[in-house]
Amino acid sequence: MADQYQDDHSLFPVPARLLDPAQCPKPFVSSLDQYKKMYRQSIDNPEEFFGKLANELLTWSKPFHTVRHGGLEHGDVAWFLEGELNACYNCVDRHALTDPNKVAIIYEADEPNQAERITYGELLRKVCQLAGVLRAHGIRKGDTVAIYMPMIPEAVVALLACARVGALHSVIFAGFSAEALRDRVHDASSRLVLTTDQGKRGGKTIETKRIVDEALKTCPKVETVIVCQRTGAEVPMKDGRDYWWGDEVFKHPFYTPAEDINSEDPMFLLYTSGSTGSPKGVMHTTGGYMLGAAATFKYVFDYHPGDIFACMADVGWITGHTYIVYGPLALGATTVLFESLPTYPTPSRYWELIAEHKITQFYTAPTAIRALRRLGDEWLEGHDLSSLRIIGTVGEPINPEAWHWYNEKVGKGRCAVVDTYWQTETGSHIITPLPGAITTKPGSATFPFFGIDIAILDPVTGKELVGNDVTGVLAVKRPWPSMARTIYNNHYRFMETYLKPYAGYYFTGDGATRDKDGYIWVRGRVDDVINVSGHRLSTAEIESALIMHHSVAETAVVGAPDDVTGQSINAFVCLKPGVPVYSMDLTRELISQVRKVIGPFAAPKKVYLVEDLPKTRSGKLMRRILRKIVAGESDSLGDISTLADPSVVEALINKVNPPP
Ligand code: PRX
């Protein structure tokens, strides 16, 4: 079965430079044997392995005695039970106390040459003041605070201030529309929203506060909005609800203690899309999440003091949470916060950034690599990328062409390439190369991280496919510290989505192959989730946005392969009787409908207005057929005899690929 994929099995050993102490700091894991030994320990004796790591990497205000409790079967996973620690203390105080002048954040603003540096000492003062504001506005441990902010240092301050007072932050990516924001604020019962006047990205202005105002029209529970000034534009302020960040923080002292937090106290919510319509508030708890963030940051990015780490994700997604904020700051690193786009003002922006700040680890998404590769190698010329040691990717499978380009043109063949596989729910990397130890294959995330007991299951029987050269669905056999604990207010859905489909396993929703050499290749989602530019979208969510349009009778959304974005959204729409089918305006209206309900990043690339959808006699939509048609595989549709009306297929093929 594994043979159906054209994998690139060329082997890339650890670059010699990484193992030469004259050139690079010695990697924490510097041979395959050492990785295997540590991995074995983490599986054979997780209590000892993770107990030791948790004490080494984190500072606990009260020690834990029980390393691990519960399991996947009952969905009662808990780590470091009696222990108490504050995530903010771990990320800020302990470094500010020992090295206050060390740079914590390099803020690379939208316009080039405006970088700002924030030290750990300054970060502590800023975070304490905002924590004071939160407390003054009645936020207490266990409350949820919504954060809808662009990529500015105050966004990091916002996350940390919530953690300091024990409030759960619920960051909503600032590309979400007012309606999507409203749904998330409402679901989490957030009483306070942190936002900005406007945002800046790629030279464009984003009306952040106006979107918040629109969203809050139907969120009566929100009592307070704190507005940070990004541009200084005049924006409407509602009396008694809206306060300027700048005015509020000045009321509060530069130090306020961090709350004692139990290891299993919730730390944050992050909404993500699943197979069904409504987004789910994935909940992470404190000790386990922090350990996952810190441990993967140490071992996967091989962080050494003096390194300058740059993750290009947005803080609104899990990658931003774990690898812009919590992982790097937990270890006292310098982390880069990039507000702009890789192509703004020119496609050299990443390379300028690396050269200017002497970045040692660089982490981005395959979609950005593909887009930059297309624009031509000349944009890389003249930029000194020699500071780089490790270059990483995340969010979607990376195709070998993009991998080779990244390795050769960016890494110059002298950096380790880490293709990191993980999810919002896993909290931190779960399958990834370790840069000093693993020989990589382009497009494979290689081997599991410590403590991750991978299983590939037969999708139908649920039986584990042991050994090599197997393809099935990807699952994990035992709990790990940073796994999500629940879906906010819906533990039932958590169980049904992740732990019940294959009893005793955590189900990732992805398909995977373990090849003949034991390397893992993640193939993409096996559910109705689409991955566009590393953004996870549910077909059901887009369909329900479309169906709200008065002309739409029925719709089916599928992902089509796309050279740059990985997948693109293709929507098939049946109109209500009497609505004229051939209308460009209507197509535009439908696209803007999705932008309005979810956000611009969810806009369908193609909308096909069709007479009928392929359904079985019992009325079940056969998405498989649509997926094949948009992938240009109409000649291998498989069995269509179960369709109520097989002639529908011909019409759909003609619609997608009109005959000349
Ligand atoms: O399908 C997998 C894909 O992204 C999904 C998780 O999406 P999200 O929760 O938004 O988190 C993205 C950032 C961690 C996964 O189920 N995915 C993520 N990383 C990879 C990947 N697919 C293949 N290779 C990867 N390295």
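Me: Is Arg370 buried or exposed?
Reply: The model is predicted. Arg370 sits in helix H12. Its relative accessible area is 7%. Buried means under 20%, so Arg370 is buried.

Me: Which side chain makes a polar contact with the side chain of Arg370?
Reply: Beyond its neighbours within four places in sequence, Arg370 is in contact with residues including Pro397, Asn399 and Asp563. A polar atom of its side chain also lies 2.9 Å from the backbone oxygen of Val564. The side-chain partner, at 2.8 Å, is Glu396.

Me: How is H12 oriented to H13: roughly parallel or roughly perpendicular?
Reply: Helix H12 spans residues 366-375 and helix H13 residues 400-410, with axes 9 Å apart. They pack at an angle of about 75°. Angles of 65 to 115 degrees count as roughly perpendicular, so H12 is to H13 roughly perpendicular.

Me: How many charged residues are in the contact of H12 with H13?
Reply: H12 brings Ile369, Arg370, Leu372 and Arg373. H13 brings Glu401, Ala402, Trp405 and Tyr406. By class there are 5 nonpolar residues and no polar ones, and the charged count is 3.

Me: How many of the 12 residues of H3 are buried?
Reply: H3 covers residues 87-98 and reaches 17 Å from first C-alpha to last, close to the 16 Å expected. Its buried residues include Cys88, Asp93 and Arg94. They pack against several elements, among them helix H4 and strand E12. H3 is mostly covered, and its buried count is 9.

Me: Which residue's side-chain oxygen reaches the backbone nitrogen of Cys88?
Reply: The contact is at the start of H3.

Technical notes
Residues numbered from 1 in each chain as written. Predicted model: local features only at pLDDT ≥ 70, side-chain atom pairs only at ≥ 80, totals over all residues. Heavy atoms only, no water. Axes fitted to C-alpha atoms, helices over the stretch in contact; angles between N-to-C directions. Helix = DSSP H or I, 4+ residues; strand = E, 2+ residues; numbered from the N terminus. Parallel < 35°, antiparallel > 145°, perpendicular 65-115°, else oblique. Contact = heavy atoms within 4.5 Å. Nonpolar A, V, L, I, M, F, W, Y, C, P; charged D, E, K, R; others polar. Expected span 1.5 Å × (residues − 1). Buried < 20%, exposed > 50% of the residue type's maximum accessible area, 1.4 Å probe, protein only. Polar contact = N/O pair within 3.5 Å; in protein donor to acceptor, adjacent residues only side chain to side chain.
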